[in-house]
Amino acid sequence: MDTLLNVAHGFGVALLPINLLYCFIGVFIGTLVGVLPGIGPISAMSLLLPVTLSGTPESGIIMMAGIYYGSMYGGSTTSILVNIPGEAASVVTCIDGHQMAKQGRAGPALGISAFGSFIAGTFSLVALMLVAPRLANIAIAFGPAEYFSLMVLGLIVLTFLTQGSMPKALLMACIGVVLGLIGLDSITAQPRLTFGRMELIDGIGLVPVVMGLFGVAEVLLNTEQAIKRDIINARITQLLPNKADWQASAGPVARGTLLGFLLGILPGGGAVVASFASYALEKRLSKTPERFGHGAIEGVAGPESANNAAAGGAFIPLMTLGIPPNVVMALLLGAFVIHGLQPGPLLITQNPGLFWGIVASMYIGNVMLLILNLPLIGMWVQLLKLPYNILFPLIILFTILGVYCSSNNVFDVYVMIAFGIIGYFMRKLGFEPAPLVLAFVLGPMMENNLRKSLILSQGDLWTFVQRPISAACLALALMLLIAPLLPALRKKRELVALDEGA
Amino acid sequence: MNDQTSVKLRLNNSELWGGLIGLALGGFVIWQGVKLKLGTINDPGSGYVLFYTGILMCVFAVSIVISAIAEGGPTLASRWDNVSWSKPLLVIVCLTAFSFALEPLGFLLSSIPLMLLLLRLIDPVRWTLAVPIAALVPLGMWWVLKRLLLIQLPSGLFGIG
């Protein structure tokens, strides 16, 4: 009953005209960046982070959340019609989605992807509503040791799932921690790694780092070669899947939804892992696995449901524990912090309007996305024809303005350009930026919790293994660290390795 | 020494250089940690986490170096095989020049040439389209930010913007 009252309260907040407008802007921009290859939700959210300052916390965060789950919808359009994933979570959709489009079945592919996404998105919201308040109650009992170990686990999971060698990903995570520690020490107020520059006393901002590593570096990488587009030009008719399509897709949608939601909750996991895992699961369960790769609708329905369910699930660790499970959620954490809010176990009780408002807005956003994605498909196809030689300079200008407006400080523009150049060379040398960014956000929190637990336990390191939750997290992290050394597990890791930045 | 061995031990190995840069950074972080004071395990100082993170960085960097020596790796040049390296380089030069020009020239005088250069360099847009976009987009953004959102953009020594 309480939940229903809270949901009603949430709808009261989400249905305010200004919040509806921000929700629409969010899902529209999300679909847009999902459709356009070359810019993903991370770049778009970092670009719009300063905009959240202009409104209430609810409006800003509703818009940011809309960009995230909107991009999950939009990404499938590009994958199916152009065979280029609009964002990383839609990589798998290219395999069967584009084949279906080539066979003249682009409509059902787009349709099942939108309906699957809608069903999964709605399920994950219901689960979020039911799980989050209970988990928040448990999380109140978490001490610094549990928080530290959970963050270590999150980082290790992300490095485990990052493309390329694990030592490289771990090195990136360490660099992220170091960058996060720049500025005044929160306990002793001693300046660290500031090199006498006043601009560094408050540390490096998240916005310039993310915009540099994901926005500018992405543009630099994309300028290297002309992006080839194999757009399906045939007229798209009959978006509604037929009875046979629904029968074939019902199981994959249900399994993808459940799997995606569970993987979304895990720290370090997220939409990309979920879509890959769902595809692998469907192929394994299929009686005719040879159809996969040649236009099997199950290969579209499962992954598309999984990535949307994961996008919803990823809100749970952020809202209940205050720990962002992936880079996108780290940006959302940035939006909370900008407004002086701290997500965590007390958020739901102290700011019920905010929490339930965001949840309710996601219901509304999912309906908006269904409307945006089906009837407006022609418009998105036209958009795919936008020339990149005009788009890329505009992205660079917007990133410069976005960074400057977030702090009114030219120094941040320099930081962004520097990180853009560093990010480009990092990617060329096979160093992925995702672990760096997550560690950059988690670094100060990890340090704080580590030092607090050591002070509280009077230097007893056993405190991390004597507490069951902390011990379980560390044991899992250790297993993941050892796993790549075993040949069989190394092969599995390479199969699910992902490129978060795409 | 056969061909394969010489390939493995070559210095022009991007993995090796990546590891060495990581090692140098790790060493620097350790040094900074020590400089900031480690404190004790009962009461960790400001350099405590930096110091141990630096050690971890060195461990991971050494592991990258060892694997680069043992298994070899792509050359630096091969990372840019089949792609046009000149375009990102030109964009980097433009962005670096822009970062030097932004404060003295202000937003408008630095961003209009930047846009024009990017539009002409990445994949040349015809002049008749490039010039209006390069001029109107920064002007439009400047107007929206300054007049509507009341955000002061850098106006430079000439006070333009």
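The views below are of a predicted model, in which local features need pLDDT of at least 70 and side-chain atom pairs count only at pLDDT 80 or more, while totals for chains, interfaces and linings use all residues. Residues are numbered from 1 along each chain as its sequence is written, and chains are lettered from A and ligands numbered from 1 in the order in which they are written.

**View 1. Helix 7 and helix 8 of chain A pack against each other.** Helix 7 (residues 144–161) and helix 8 (residues 166–180) of chain A have axes 8 Å apart and an angle of about 140° between them, and are therefore oblique to each other. Axes here are lines fitted to C-alpha atoms, for helices over the stretch in contact, with angles running from 0 to 180 degrees between N-to-C directions; helices (H or I, at least four residues) and strands (E, at least two) are DSSP runs, numbered from the N terminus. The crossing of helix 7 and helix 8 of chain A is right-handed, a crossing being right-handed if the near helix is turned clockwise from the far one by less than a right angle, and left-handed if anticlockwise. L155(A), T159(A) and F160(A) of helix 7 meet M166(A), A169(A), L170(A) and A173(A) of helix 8, where contact requires C-beta atoms, placed from the backbone, to lie within 7 Å. This contact of helix 7 with helix 8 of chain A comprises 6 nonpolar, 1 polar and no charged residues, with Ala, Val, Leu, Ile, Met, Phe, Trp, Tyr, Cys and Pro counted as nonpolar, Asp, Glu, Lys and Arg as charged, and the others, Gly among them, as polar.

**View 2. Helix 4 of chain A crosses helix 16 of chain A.** The axes of helix 4 (residues 57–82) and helix 16 (residues 352–373) of chain A come within 9 Å and cross at roughly 40°, which makes helix 4 oblique to helix 16. Helix 4 of chain A passes helix 16 of chain A in a right-handed crossing. Residues of helix 4 including G66(A), Y69(A) and G70(A) meet residues of helix 16 including G357(A), S361(A) and G365(A). By class, the residues of this contact divide into 10 nonpolar, 7 polar and 1 charged.

**View 3. Chain B meets chain A.** The contact takes 48 residues from chain B and 46 from chain A. On the side of chain B that touches chain A, helix 2 (14–35), helix 3 (48–71), helix 4 (86–121) and helix 5 (127–148) each give two or more residues, and helix 4 of chain B gives the most, with 12 residues. This side of chain B holds 31 nonpolar, 12 polar and 5 charged residues.

**View 4. L397(A) lies in helix 18 (residues 388–407) of chain A.** Leaving aside neighbours within four places in sequence, L397(A) is in contact with S111(B), M115(B), V137(B), P138(B) and M141(B). L397(A) has 19 C-beta neighbours inside 10 Å and counts as partly exposed; a residue is buried if 20 or more other C-beta atoms, placed from the backbone, lie within 10 Å of its own, exposed if 12 or fewer, and partly exposed in between.

**View 5. F195(A) has a positive phi, near 50°, in a residue other than glycine.** F195(A) sits in the loop between strand 2 (191–192) and helix 9 (206–223) of chain A, and is exposed, with 7 other C-beta atoms within 10 Å.

Notes
Parallel < 35°, antiparallel > 145°, perpendicular 65-115°, else oblique. Contact = placed C-beta atoms within 7 Å.
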